[in-house]
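Hi,

Here's the structure I promised to send over. Have a look at it first, and my notes follow below.

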Amino acid sequence: MSDNGNDRIMRYTEGSNTGVLVAGGNGQGNDTNQLNYPMGIYFESLSNSLLIANTKAHNIVRWRIGDSNWTLIAGNLNASRGNSSFLLSNPYGLTVDPIGNLYVADTSNHRIQFFSIGQTEGKTIAGITGFQGFNSNLLSFPYSLAFDNQLNLYIADTYGNRVQKFLRY
């Protein structure tokens with residue numbers, strides 16, 4: 001569970017009111033042992049790690065279960081925001097396709113960024129960078145995204161009050 005107000009990720013077992021700290025928990029910040037308003041989480045079973053949308057640090061990080069710090073996956077190490085192919089601005093959600101490519105809801109840039117496995121340069125695949133709107137090719141603060149079993153991409157376009165479906169390409 002993303003406990004963004006406390007800048008940490010917690011794990012709860014069914015029937016228990018007591019959680020276990022999994023990531024963060026060292027106060028709000030941008031150091032590699034801290035999180036800064038974490039939102040989206042994706043569990044990657046192959047590496048036994050969490051991919052975390054570290055929203056106010058404007059990056060995506062990998063936190064291996066049991067480790068005490070993260071490694072950078074996308075965005076800027078120094079928490080700088082931006083709209084280039086290397087930068088993010090308030091990423092809220094993320095998901096990974098079956099071969100390991102990363103998809104990020106780059107919320108304040110009104111776009112979905114695609115990062116090929118191991119790449120730090122993203123490509124905009126939905127929305128138009130920096131343009132907020134309600135047409136079918138524009139997004140307005142996308143918060144979350146998910147694939148169906150045919151790899152069609154669904155985007156929660158929050159301020160557009162809709163869910164956009166993008167067919168697999």
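This is a predicted model: local features need pLDDT of at least 70, side-chain atom pairs count only at pLDDT 80 or more; totals for chains, interfaces and linings use all residues.

On one side, strand 12 (residues 142–147) pairs with strand 13 in the antiparallel sense, over 5 bridges. Within that pairing, L145 sits opposite I155 of strand 13. The hairpin made by strand 12 and strand 13 leaves 5 residues between the strands, and L151 has a positive phi there, near 65°.

Strand 13 also runs antiparallel to strand 14 (residues 162–166), again joined by 5 bridges. Here Y154 has K165 in strand 14 as its bridge partner. This hairpin has 4 residues between its strands, and N161 in the turn takes a positive phi of about 50°.

Now the side chains. In a regular strand they alternate between the two faces of the sheet.

What about G122? You'll find G122 in the loop between strand 10 (111–115) and strand 11 (123–127). G122 has a relative accessible area of 10%, so G122 is buried, the cut-off being under 20%. Leaving aside residues up to four places away in sequence, G122 touches S85, Q113, F114 and F115. V104 is 18 residues from G122 in sequence, with 9.2 Å between the two C-alpha atoms.

Cheers

Methods. Residues are numbered from 1 along each chain as its sequence is written. Side-chain values use heavy atoms; hydrogens and water are left out. Helices (H or I, at least four residues) and strands (E, at least two) are DSSP runs, numbered from the N terminus. Buried means under 20% relative accessible area, exposed over 50%, partly exposed in between (1.4 Å probe, protein chains only). Contact means heavy atoms within 4.5 Å. Two strands pair if DSSP finds at least two bridges between them.
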